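Me: I'd like to learn how to read a structure like this one. Can we go through it feature by feature?

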Amino acid sequence: MKTAKTTEGKEIVAAPDAPEEALCPYCGGIVVLRRRRTMNKGEVAYYYRHRSNHNTQCSARRRPIG
Ligand SMILES: [Zn+2]
């Protein structure tokens, strides 16, 4: 997902200076900041991903955003 939230409920957009850990807006589970290179231009894309495999029921997994 491209956006997560803090424990205060504030929205965070995945970016180089974003927190390493945040909460999933859908299930409240812990998500971690990840980075990967895009195929075009070799740019680095940032996104949040669930830390564990425990949140298999989370809607963010079924319908990935971004
Ligand atoms: Zn989730």
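Me: Let's start with the hairpin of β3 and β4: which residue there takes a positive phi?

Reply: First, the terms: strands (E, at least two residues) and helices (H or I, at least four) are DSSP runs, numbered from the N terminus. Two strands pair if DSSP finds at least two bridges between them. Here, β3 and β4 have 6 residues between them, and Gly28 in that hairpin has a positive phi near 80°. The two strands run antiparallel, joined by 3 bridges.

Before we go on, this is a predicted model: local features need pLDDT of at least 70, side-chain atom pairs count only at pLDDT 80 or more, and totals for chains, interfaces and linings use all residues. Residues are numbered from 1 along each chain as its sequence is written.

Me: What about the hairpin of β4 and β5: which residue has a positive phi there?

Reply: That one is Lys41, with phi near 70°, and again 6 residues sit between the strands. Lys41 is a residue other than glycine with a positive value. β4 spans 30-37 and β5 spans 44-50, with Lys41 in the loop between them.

Me: Is Lys41 buried or exposed?

Reply: You count C-beta atoms, placed from the backbone, within 10 Å of the residue's own: 20 or more others means buried, 12 or fewer exposed, and in between partly exposed. Lys41 is exposed because it has 7 such neighbours. Leu23 has 18, so it counts as partly exposed. Over the chain's 66 residues, 12% are buried.

Me: Where is Leu23, and what is it in contact with?

Reply: Leu23 belongs to strand β3, residues 21-23, and stands opposite Ile30 in β4. Contact means that C-beta atoms, placed from the backbone, lie within 7 Å. Leaving aside neighbours within four places in sequence, Leu23 touches Ala4, Lys5, Thr6, Thr7, Gly28, Ile30 and Val31 by that test.

Me: Which residues make up the largest nonpolar core?

Reply: A nonpolar core is a set of buried Ala, Val, Leu, Ile, Met, Phe, Trp, Tyr and Cys residues joined through C-beta atoms within 7 Å. The largest one here has 8 residues: Met1, Ala4, Ala14, Ala22, Cys24, Val31, Tyr47 and Tyr48. Beyond its neighbours within four places in sequence, Tyr48 has contacts that include Met1, Ala14 and Leu33.

Key: Contact = placed C-beta atoms within 7 Å.
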